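Student: I have just opened this structure and would like a guided tour. Could we go through it by question and answer?

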Amino acid sequence: MNEYLTSASLKSLAKGQLLGKYGTLAGVVFIHLGYMLFVFFCSNLLIDTTSVLGYLIYYAVSFVFTLLEGLLIYGEAYIFLKLACGQPVAVGDLFYGLSNNPDKVLKVQAVFTVIQMVCSIPNMMRIPQNQPLVLLFYVILVLAVNIIYIVLTLVLSQSFFLMLDFPQYGAKEVLVKSAQVMKGSKGRLFYIYLSFLPLILVGLCGCCIPLIWLYPYVQAVKANFYLDLMKKR
């Protein structure tokens, strides 16, 4: 029977790997955060969503921006996989996806984006408050959709790491391989995510400033989770 590293062991590894690297990784976080703020400004402040056409434009713009964000997410996967392997990292590594298989990156990210947008539809439905049965059905629907979203993201969570390790794989192959390697490990990864909630709450209470240091920590743990997962295979 395969024995994987515990959550505490993965976190201990990540802490050691992050020593002396926080300056570089903070730069990575600020660039990604800057992109997200730019997207928020363009999609929420410049687009009028009071009409049907406005909503369609909003979703189209959001889809494109979220799709392009996949290049940054892929770059982060590259950075933290290098970090977990003891290799030097640089802020410029964040743009690794621009010149390395950007087409495959965008195809994989398109799957994540579609899942995210489809699963977010119930959250934007307007439900009459004076109809208890309709409201109950809506609550059940939202819970079910969010559970499906969590499961799907866990299943496909290793896609970018796999693309880095196996560049010969196509987009469909890395998605399928991610589903295969995550069999029996979805609960373990979900538990690791939950274990960060107290730190996230502390970060939010600190005006989000501590999250600049917490984000690299979480990503480093995810990279070590991947390596531990693959060592057993």
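**Helices, loops and a pocket**

Tutor: Gladly! Keep in mind that this is a predicted model. Let us begin with helix α4, whose buried residues are Lys104, Val105, Val108, Gln109, Phe112, Thr113, Ile115, Met117 and Cys119.

Student: Which elements do the buried residues of α4 pack against?

Tutor: Buried here means under 20% relative accessible area. Val108 and Phe112 are among the α4 residues in that class. The partners that the buried residues of α4 pack against are α3, α5, α6 and α7.

Student: How far apart are the end C-alpha atoms of α4, and what span should its residues give?

Tutor: α4 has 19 residues, and at 1.5 Å a residue they should span 27 Å. The distance between the end C-alpha atoms agrees with that, because it is 26 Å.

Student: What about α3: how far does α3 reach from its first C-alpha to its last?

Tutor: Helix α3 has 33 residues, for which 48 Å is expected at 1.5 Å a residue. The model comes close to that figure, with a reach of 47 Å.

Student: Is Thr66 buried or exposed, and which residues does Thr66 touch?

Tutor: Thr66 sits in helix α3. Thr66 counts as buried because its relative accessibility is 16%, and the cut-off for buried is under 20%. Leaving out residues up to four places away in sequence, Thr66 touches Gln109, Thr113 and Gln116.

Student: Which residue takes a positive phi just after α3, and is Gly86 buried or exposed?

Tutor: Just after α3, Gly86 has a positive phi of about 80°. Gly86 belongs to the loop between α3 and α4. With 67% relative accessibility, Gly86 counts as exposed.

Student: Where does Asn101 lie, and what is the phi of Asn101?

Tutor: Asn101 is found in the loop between α3 and α4. At 27% relative accessibility, Asn101 counts as partly exposed. Asn101 is a residue other than glycine, yet its phi is positive, near 55°.

Student: How much space lies in the largest pocket, and which residues are closest to its centre?

Tutor: The largest pocket holds about 1,900 Å³ of space. Its lining has 49 residues, and the closest to the centre are His32, Met36, Glu69, Ile73 and Tyr215.

Student: Which element gives the largest share of the lining of the largest pocket?

Tutor: Several elements give two or more residues to that lining, including α2 (22-45), α5 (132-155) and α10 (211-231). By type, the lining residues divide into 33 nonpolar, 13 polar and three charged. The largest share is ten residues, and the element that gives them is α3.

Student: Why does Ser185 count as buried, and which residues does Ser185 touch?

Tutor: Ser185 lies in the loop between α7 (171-181) and α8. Ser185 is buried because its relative accessible area is 1%. Not counting residues up to four places away in sequence, Ser185 touches Tyr4, Phe225 and Leu229.

Student: How far apart in space are Ser185 and Lys232?

Tutor: In sequence, Ser185 and Lys232 are 47 residues apart. In space, from C-alpha to C-alpha, they are separated by 12 Å.

Student: Last one: how many disulfides are found in the whole structure?

Tutor: A disulfide is a covalent bond between the sulfur atoms of two cysteines. Among the cysteines here, Cys42 counts as buried at 15% relative accessibility, and Cys85 as partly exposed at 45%. The number of disulfides found in a search of the whole structure is zero.

Technical notes:
Residues numbered from 1 in each chain as written. Predicted model: local features only at pLDDT ≥ 70, side-chain atom pairs only at ≥ 80, totals over all residues. Heavy atoms only, no water. 1 Å grid on protein atoms, 1.4 Å probe; cavity = no way out; pocket = protein on both sides within 12 Å on 5 of 7 lines; lining within 4 Å. Points joined across faces, edges and corners; volume = space filled by probe spheres on them. Helix = DSSP H or I, 4+ residues; strand = E, 2+ residues; numbered from the N terminus. Nonpolar A, V, L, I, M, F, W, Y, C, P; charged D, E, K, R; others polar. Buried < 20%, exposed > 50% of the residue type's maximum accessible area, 1.4 Å probe, protein only. Contact = heavy atoms within 4.5 Å. Disulfide = S-S within 2.5 Å. Expected span 1.5 Å × (residues − 1).
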